[in-house]
Amino acid sequence: MVDTKSQYLKIKSAVDIAIHEVLDSAAYINGKPVQDFTAALNTYQGSAHTITCGNGTDALQIAMMALDLQPGDEVITPSYTYIATTEVVALLKLKPVFVEVDPKTFCIDPVSVRNAITPKTKAIVPVHLYGHAAPMEEIMQIAAEFGLYVIEDNAQAIGCDYTFLDGSKKKTGSIGTVGATSFYPSKNLGAYGDGGAIFTNDASLAQKMKMIANHGQQTRYYHEMVGCNSRLDSMQAAVLNIKLKQLDDYTNARQNAANFYNNAFAGNEKITVPYVAPYSTHVYHQYTLQLHNVNRDALSAYLAEKKIPSMIYYPVPGHRQKMFSGFDLPPVDLTITDWLTERVISLPMHTEMDQEQLSYITENVLNFINN
Ligand SMILES: *Cc1c(COP(=O)(O)O)cnc(C)c1O
């Protein structure tokens, strides 16, 4: 599905030098690359404050801890997302309230959000799924109306631009109260290990999140609150520093691959290609199709036979996961989420796809679908 090896080979000399510099410096934790990368990422995001941490799941958790959410507080989130989004809600003993997504964008549906609000609602967690922005303008309006926090899960969409109705633009992850992202190797800005970051424009929240990520301390050995231990290490930061400079080119490469796929599948009534809303760019963390009257398992097996990987993101939506069974959540009817879960398939998508690979994949997909 991804080809991180070929991507590495193109930046190998710079990466190898940067890693050796970290080895020579012996500053494995909080070395200069961490400070450099944090500053560069902050500029890239156009965010007032950036805090790096251990991974994307921690980023979401630290954000929710800093917002002082209390057990039983309701957090509205899509069911159709990677489990990390809703897992941290449950871990902090908050109540996940699963809502519907828009079948075109795969992202949280504002009408469904509005209908789910109760006096106990404290936060909304929009996920910019597959690299397309959630409808942030409407989400921010709802949040302002009801006094709710917005925690953006930007793990799949770093580099995505959101355009507001007045024409102004922001990077996803820098719109809500807090944004969280991941540098897991297969993410659009991937490290060679784990990493994550948190964005906010609120100075006191930034300070608090920084403390929480560091055992609740500002001054060493003086712990003002319960925190955790979550750090981006110097080697990952050194790698990310190099890759951040390539991020827009990487995004272009993904968009070119998506255009190739879109052209090949255009007009095929059994395939719906990814939609791009007027307010969002698409950074194609995944290239995900919706199939109509196609035996998905058989397609997947056919592709596997031809050595073409494909994946189902995600086979079981949050509201159907066993892990939430002890949470006494009211039953929800998420028809669109269930419908999508049964029809989506993701094709290989990365920065190193060439025309030959793309032709081979699309020909085989069409071979199966048209026969
Ligand atoms: C990858 C991902 C995360 C978690 O990131 P990790 O770095 O793996 O902890 C959270 N949310 C979404 C939507 C993701 O895709």
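Trainee: At what angle do H8 and helix H11 pack, and how far apart are their axes?

Mentor: H8 and helix H11 (residues 355–369) pack at about 30°, and their axes are 10 Å apart. Keep in mind that this is a predicted model.

Trainee: Which way do they cross, right-handed or left-handed?

Mentor: The crossing of H8 past H11 is right-handed.

Trainee: And which residues meet there?

Mentor: From H8 you have Ala257, Phe260, Tyr261, Ala264 and Phe265. H11 answers with Gln355, Leu358, Ser359, Ile361, Thr362, Val365 and Leu366. By class, that contact of H8 with H11 has nine nonpolar residues, three polar and no charged ones.

Trainee: Back along H8. How does helix H1 pack on it?

Mentor: Helix H1 (residues 4–25) and helix H8 (residues 234–265) have axes 8 Å apart, at an angle of about 150°. Angles over 145 degrees count as roughly antiparallel, so H1 is roughly antiparallel to H8.

Trainee: What hand is the crossing of H1 and H8?

Mentor: Right-handed.

Trainee: Which residues of H1 and H8 make the contact?

Mentor: On H1, they are Gln7, Ile11, Ala14, Val15, Ala18, Ile19, Val22 and Leu23. On H8, they are Ser234, Met235, Ala238, Val239, Ile242, Lys243, Gln246 and Tyr250. The class count for H1 with H8 is twelve nonpolar, three polar and one charged.

Trainee: New pair. How do the axes of H3 and H7 run?

Mentor: Helix H3 (residues 56–66) and helix H7 (residues 203–213) cross at roughly 120°, and their axes come within 9 Å. The range 65 to 115 degrees counts as roughly perpendicular and over 145 as roughly antiparallel, so H3 and H7 are oblique to each other. Their crossing is right-handed.

Trainee: Zooming out. Where are the domain bounds?

Mentor: Domain 1 covers 4–244 and domain 2 covers 247–369. Over C-alpha atoms, their centres are 24 Å apart. Domain 1 puts 45 residues into the contact, and domain 2 puts in 39 residues.

Trainee: How much area do domain 1 and domain 2 bury between them?

Mentor: About 3800 Å², with 61% of it on carbon and sulfur atoms.

Trainee: Which residues in domain 1 lose the most area to domain 2?

Mentor: Phe98, Tyr130 and Asn188. Together they account for 19% of what the domain 1 side buries.

Trainee: Switching to backbone. Where is there a cis peptide bond?

Mentor: Between Tyr313 and Tyr314, with omega about 5°. Tyr314 sits in the loop between helix H9 (296–305) and helix H10 (335–343).

Trainee: What about Asp68, is phi positive or negative?

Mentor: Positive, near 60°, and Asp68 is a residue other than glycine. You'll find Asp68 in the loop between H3 and strand E2 (74–78).

Trainee: Why flag either of those?

Mentor: Because most residues other than glycine have a negative phi, and most peptide bonds are trans.

Notes. Residues are numbered from 1 along each chain as its sequence is written. This is a predicted model: local features need pLDDT of at least 70, side-chain atom pairs count only at pLDDT 80 or more; totals for chains, interfaces and linings use all residues. Side-chain values use heavy atoms; hydrogens and water are left out. Axes are lines fitted to C-alpha atoms, for helices over the stretch in contact, and angles run from 0 to 180 degrees between N-to-C directions. Helices (H or I, at least four residues) and strands (E, at least two) are DSSP runs, numbered from the N terminus. Angles under 35 degrees count as roughly parallel, over 145 as roughly antiparallel, 65 to 115 as roughly perpendicular and the rest as oblique. A crossing is left-handed if the near helix is turned anticlockwise from the far one by less than a right angle, and right-handed if clockwise. Domain bounds come from an automatic or database domain assignment. Contact means heavy atoms within 4.5 Å. Buried area is the accessible area (1.4 Å probe) that two parts lose on being put together, summed over both. Ala, Val, Leu, Ile, Met, Phe, Trp, Tyr, Cys and Pro count as nonpolar, Asp, Glu, Lys and Arg as charged, and the others, Gly among them, as polar.
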